[in-house]
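Me: Hi! Could you walk me through this structure? I'd like to go from the overall fold down to a few side chains.

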Amino acid sequence: MHLIMILNALAVAWWLRSAWNQRQGNWSLRWQRSLFLFLFPPLLIFMTAIAVLFMGPQGQMGGMYTGSISYLLSLIYLAFFAISCIKLAFQGWQSVESARNCPLVNVGDRQARLLQTGALFAGQIGFWQPELVVSQGLVQTLSPAHLESVLAHEQGHHYYRDTFWFFWLGWVRSCTGWLPNTEPLWEELLALRELRADGYAALQVDPLVLAESLLLVVSSGPILSEICCAALGSSGADRLEQRVEALLAPPEPTPEAQLQSWHGFLLAFLPLLTVIFHS
């Protein structure tokens with residue numbers, strides 16, 4: 001019976017991920033749709049594995065005997081989740097320690113870590129309280145107006161705690177790469193993250209200046225891992241046109257997450273209710 005539960009969860013997860021397509025819409029609808037399809041299938045599988053592990057390898061459920069195969073599969077999958085989390089956390093810690101070895105400098109009215117490289121880079125590196133990191137090439141190349149626009153964008157990442165939330169989303173990505181559309185959904189979420197930070201910055205600086213800064217920074221390419229890092233050019237050059245068009249268009253509100261948008265995720269916890277039918 002437990003094996004049937006696992007197969008059903010896998011079938012639902014595969015079907016939901018396969019149904020995704022990159023439709024157009026405003027920022028809020030795209031974000032809610034992409035986040036749900038990215039998170040719900042792994043969460044459903046995760047909760048099913050926890051339910052099977054909690055019920056144990058012996059007993060009956062719905063008049064059918066349970067076996068140890070499903071229990072062992074759930075244990076292996078949860079162990080894989082845990083190992084992946086530890087691995088990503090260690091890599092993130094290395095990135096943070098590397099950033100902390102850089103000297104502190106004043107950039108405008110902000111403090112930042114200075115990378116000794118001629119590449120153009122600005123990003124937030126860390127977890128819940130990330131630090132601003134800028135490259136020497138960025139400070140020396142950009143004008144004060146362009147530099148201020150880049151810093152405003154990075155302040156948007158700090159405001160929305162993007163490094164923290166995308167660390168966990170990156171964990172989900174690493175554990176469920178075998179599901180359909182994992183990478184397209186990940187890229188969509190990265191692009192929406194950057195659009196949100198762009199929108200935050202556009203309220204403080206000239207959007208045209210920010211678009212010019214974006215063109216300069218993205219053309220230089222990324223120089224750091226995406227783990228625990230949210231940088232101006234992290235969504236890649238393939239999303240550049242979309243971001244520039246959004247900056248030149250009338251500003252679009254990016255509302256805070258509302259409680260009702262999370263109601264659908266409660267369905268992923270339904271496998272836990274099956275525990276009461278186990279004996």
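Me: Great. What kind of model is it, and how are things counted?

Reply: This is a predicted model: local features need pLDDT of at least 70, side-chain atom pairs count only at pLDDT 80 or more, and totals for chains, interfaces and linings use all residues. Residues are numbered from 1 along each chain as its sequence is written, and side-chain values use heavy atoms, with hydrogens and water left out.

Me: Thanks. How many helices and strands does the protein have?

Reply: There are nine helices and seven strands. Helices (H or I, at least four residues) and strands (E, at least two) are DSSP runs, numbered from the N terminus.

Me: And how much of the protein counts as buried?

Reply: Of the 279 residues, 47% do. Buried means under 20% relative accessible area, exposed means over 50%, and partly exposed is in between (1.4 Å probe, protein chains only).

Me: What share of the contacts comes from residues 24 or more positions apart?

Reply: Such residues account for 74% of the contacts with a separation of 6 or more. A contact here means heavy atoms within 4.5 Å.

Me: On to the rings. How many aromatic pairs are there?

Reply: The count comes to 19 aromatic pairs. Rings of Phe, Tyr and Trp (its six-membered ring) pair if their centres lie within 6.5 Å; planes under 30 degrees apart count as stacked, over 60 as edge-to-face and the rest as tilted. W31 and F166 form a tilted pair, 6.4 Å centre to centre with 50° between the planes.

Me: Where do W31 and F166 sit?

Reply: W31 is in helix α2 (residues 27–55) and F166 is in helix α6 (residues 162–175), so the pair links distant parts of the chain, 135 residues apart. W31 is buried, and F166 is buried as well.

Me: What about F164 and W165, what sort of pair is that?

Reply: Their ring centres are 4.8 Å apart and their planes are at 80°, so this pair is edge-to-face. F164 is partly exposed, with a relative accessible area of 21%, and W165 is partly exposed at 46%. Both F164 and W165 belong to one aromatic cluster, which also includes F46, Y77 and W171.

Me: Which rings does R196 lie over?

Reply: R196 lies over the face of W31, at 5.0 Å from the ring centre, and over the face of Y160, at 4.3 Å. A charge sits over a ring if NZ of Lys or CZ of Arg is within 6 Å of the ring centre and within 35 degrees of the ring normal.

Me: Changing topic: what's in the largest nonpolar core?

Reply: It has 24 residues, and those with the most contacts inside it are V107, V134, L138, L147, V150, L151 and L214. A nonpolar core is a set of buried Ala, Val, Leu, Ile, Met, Phe, Trp, Tyr and Cys residues joined through side-chain atoms within 4.5 Å. Elements that give two or more residues to this core include β4 (110–115), α5 (144–159) and α8 (207–220). The largest share, five residues, comes from α8. A second, separate core of 22 residues includes L37, L39, L185 and L189.

Me: And H146, which residue does its side chain make a polar contact with?

Reply: That would be the side chain of E212, at 2.7 Å. A polar contact is a pair of N or O atoms within 3.5 Å; within protein, one must be able to donate a hydrogen and the other to accept it, and residues adjacent in sequence count only if both atoms are side-chain atoms. H146 lies in helix α5 and is buried, with a relative accessible area of 18%.

Me: How many disulfides?

Reply: The count comes to zero, where a disulfide is a pair of cysteine sulfur atoms within 2.5 Å. The sulfur of C85 is 7.9 Å from the closest cysteine sulfur, in C175, which is too far for a bond.

Me: Last one: is F265 buried or exposed?

Reply: F265 is buried, with a relative accessible area of 8%, and lies in the segment after α9. Leaving aside neighbours within four places in sequence, F265 is in contact with L35, F36, L39, F40 and L43. The C-alpha atoms of F265 and L39, 226 residues apart along the chain, are separated by 8.3 Å.
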